[in-house]
Amino acid sequence: MSTASSAPFPGVPLIPYGHGHVRGLDAAELGTHGMEMDSLVRLGLPTVPGLTIPASRAGDLTDTAVARGAVELLSALASRRVGQSERPMLIRLVASAPVPAAGLPPMVAGLGLCLDTAPALCAAIGRAEVLYETWSATVRSIAEGALGVPADDIDGVVLDNPDPAKRLHALLEMCERLGSRPYPDDPAEQVALAATAKLARWRSPRGRRARAAQSLPADTPIALHLQALLIGPWARSGHGSATSRDPDSGAFAPSGVFHRGVRRNESPSGPGEPVTRLPGGADLLRAALATLEHHFNAVAHVGFELRDGELALLSAAPYDHPSPAAAVRLAVDLVAADTMDRATAVLSVAPQQVQALLHPQLRLRGGEPLLVRGLAASPGAASGRITLSSGDAVERAADGVPAILVMTETTPADVPGLLAADAVVTTGGGLASHAAVVARGAGRPAVCGASALRVDPVTGRVGADGQELREGDVISVDGRTGEVYAGAVQVRPAAPSAELDVLLGWADDHRRLGVRANADTAADAASAVRLGAEGIGLCRTEHQFLGARLPLVRRVIMAEDADDEREALVALADAQREDFRDLLRAVGDRPLTVRLLDAPMHEFLPHDGDGDDDDWQAARAAALREANPMLGVRGVRLAVVRPGLYPAQVGALFAAWIDVAAEGVRPALEVMIPLVSIPRELALAATDVAAVATDVARRTGVDIPYRIGTMVETPRAALLAGQLAAHAEFLSFGTNDLTQLTYGFSRDDVESRLLATYVERGLLPSSPFAELDGEGVGALLAIAIRRARAARPDITIGVCGEHGGDPASIALLEPLGLDYISCSPRRVPVARLAAAQARLNAAATQGEDAMASMISPEGLS
């Protein structure tokens, strides 16, 4: 049937679903719903019979003659008529804007009902109250929006008449008594009045406010859509919504709810029934969802109606928030079906979804009591008992009791407790704090900088915002969001799938950047290799002296004479040789970058007399304590004042390499000098390393293959990268410290006290410790890379700060020409995917010079 012949006036277009593209109409006329239904019809999917009155002519539907023509056309499309007792039909009126919009006038679902036909329809459904509920809602909408009945009077009638049938009769009587005219029996007149009510609602102050809140133009129009509401028996009819994938497994399986009866509004109340119990139409639903997945290249979400076993779609769209398992499995399935290529599959999965698969998650139901919110320092989730000291955490773990370590801040002495606890919460510190770094490396969830939390270890109390808990009470930690809840919350375990390995393999085929891991122990390195790390980009040797081994490095720092220092260094080297041997075996024949000791004094000096000789320890610690230890005698500076330190470490490393080489394992050693800011510092350290290599070769006959390099952590080192390259075969950017020193921010202080305010007020887009600062720190990286490669074209350059595991930062790093990125072991899969996506996006947009716009040419000279 042509739309022209079905209209009462040749100039009024009535567009059946599926005919919009034939008429050359787009969303500006058809609205988002009309476009959606047009697409479904063209895909050959079962849809509810319906038609669209274009936005530019929506007002025409308020004319009863036009409405009559629309009702006649709808009856022809549905092969049913309003009011007939056999195969009965009602009419639904909905609205849509040219773009997705909130605040649209609500649907009117019971047009066509009258007192004469109601009994037959009640008999057809089998539930009279359902029909009267729908009818009452329709009369109420028209009474208020088109007949001028006061809203307060309508509310009074509704409140006074809980019974649907009595309410309906009271509303009809009120329309006759207070309205501009009685409520009509004629379906066309009802449609015209419903259109009047909808357009009035859209033009009302409420509608204008809704548009303003969404930054939509004040004159945004709406299209109107008439749908055939087919009536069927209660047992075999209803409506619902479904997605195409099971959220837990990610397998293709319709998942959703089904409500029996007539759909009266956009958001049905009540829990409904699972779609697995759909009374007919299940095969059609599966087929439709499968078709839509291939059409959208995404998890599909549909609204549908079922009438006497016949399925009809009401809406269909890509699902906005699929579960991580569904997103990954869908991508692999679509490639297997030749619907999607591998590059597109890699781009279709968000790195955050991969991260979610690798870590436990809280199963939040809504209403959980939030205790405090801090910085999301390490992803994952855990529930356990509040524990206020490292020693107590170790004891609880030994007893099999899950523990959440809650402290103001942690130090290297607390590492045993950090490793024993299921999660850590600190009131101070930030994303680069000691607790955060150790937790990420160990795969523990962590929330840091929760400054609103009060912790009193003396009384054993913890509190925030009027809530008070005691040590031993249960809390739940979400390291992905930074939220801590009072009480137990169910934890969903990590669920990486075989499909994830397939997807990451495709990512590896498309990425240019190498991906290494920051790992300090054999266990960390083994975990990183299992997750796809191509080597270890940062071994922080000071982390090998945490916990029970802390006194070894403390003795070196606190030695008062040469003999004390020499004895301390022998003990340190013996311990490190054992650690290095295990680490090298775990790394295998891959690269291993070993950063020599970088020990900020405040992390390694004793506190409150925790040494063997309290008085001596306290006095010596006081003499060495620094006002600003992050800028003090650390890194290469400590090696200058303790000249035997780095040779002892390197001797232990080389001896361990010889041990494992005899077993057939030959890691590619890289020795990294930290915190260099003066090229001569690097030259001096490199000379010491070479001297040890020469001595080892003389004693053992083994020439140790190694490369020397430095960590670029200071702005001066970045600017002098060309001079550093004269002594370095590789550079690795420590972006945590480089960010700290570029901004002049103390990373342990400003994140909880300052950066949230800066982000909130728009001074910064995000924390520069979480997401790389492209304009400042990124500019320094670009300058350093250019100058280093000019001096030594074959130099290897990487990033080993935590930005190496952040997807947004990786997108900025990709165009700079780095060789690799390195991050915590649990972030390796995320980095693999993000590196591939950065490369694919750069190729698609020719974005190799994306950083150039951030950096002035003068700054690169």
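These notebook entries record what I looked up in one predicted protein model.

**Ground rules.** I number residues from 1 along each chain as its sequence is written, and my side-chain values use heavy atoms, with hydrogens and water left out. Because the model is predicted, local features need pLDDT of at least 70 and side-chain atom pairs count only at pLDDT 80 or more, while totals for chains, interfaces and linings use all residues.

**Overall.** I began with the whole protein. I find 32 helices and 31 strands; these are DSSP runs numbered from the N terminus, helices being H or I of at least four residues and strands E of at least two. The C-alpha trace spans about 110 × 60 × 50 Å along its principal axes. Of the 861 residues, 55% are buried. Buried means under 20% relative accessible area, exposed over 50%, and partly exposed in between, with a 1.4 Å probe and protein chains only. I then took contacts (heavy atoms within 4.5 Å). Among those with a separation of 6 or more, 68% join residues 24 or more positions apart.

**Helices α24 and α25.** I looked at α24 (residues 645–661) against α25 (residues 679–700): their axes come within 9 Å and cross at roughly 40 degrees. Axes are lines fitted to C-alpha atoms, for helices over the stretch in contact, and angles run from 0 to 180 degrees between N-to-C directions. The two helices are therefore oblique to each other. The cut-offs are under 35 degrees for roughly parallel, over 145 for roughly antiparallel, 65 to 115 for roughly perpendicular, and oblique for the rest. Which residues of α24 and α25 meet? From α24 I list P647, V650, G651, F654 and I658; from α25, D688, V689, V692, A693, V696 and T700. By class, this contact has eight nonpolar, two polar and one charged residues. Nonpolar covers Ala, Val, Leu, Ile, Met, Phe, Trp, Tyr, Cys and Pro; charged covers Asp, Glu, Lys and Arg; the others, Gly among them, are polar.

**Aromatic pairs.** My search of the whole structure gave four aromatic pairs. Rings of Phe, Tyr and Trp (its six-membered ring) pair if their centres lie within 6.5 Å; planes under 30 degrees apart are stacked, over 60 edge-to-face, the rest tilted. The rings of F258 and F304 have centres 6.4 Å apart and planes at 0 degrees, so I log the pair as stacked. F258 is in strand β7 (residues 252–260) and F304 in strand β9 (residues 300–307), 46 residues apart, so the pair links distant parts of the chain. Both F258 and F304 are buried. Y743 and F745 are stacked too, with ring centres 4.9 Å apart and planes at 10 degrees. Y743 is partly exposed at 29% relative accessibility, whereas F745 is buried at 13%.

**Positive phi.** Most residues other than glycine have a negative phi. N297, not a glycine, has a positive phi of about 55 degrees. N297 sits in the loop between α10 (282–296) and β9, and is partly exposed at 28%. L675, also not a glycine, has a positive phi of about 55 degrees. L675 lies in the loop between β27 (668–673) and α25. Is L675 buried or exposed? L675 is buried, at 1% relative accessible area.

**T427.** I place T427 in the loop between β16 (423–426) and α16 (434–442). T427 is buried at 14%. Leaving aside neighbours within four places in sequence, T427 contacts M407, T408, G449, A450, S451, L453 and V455.
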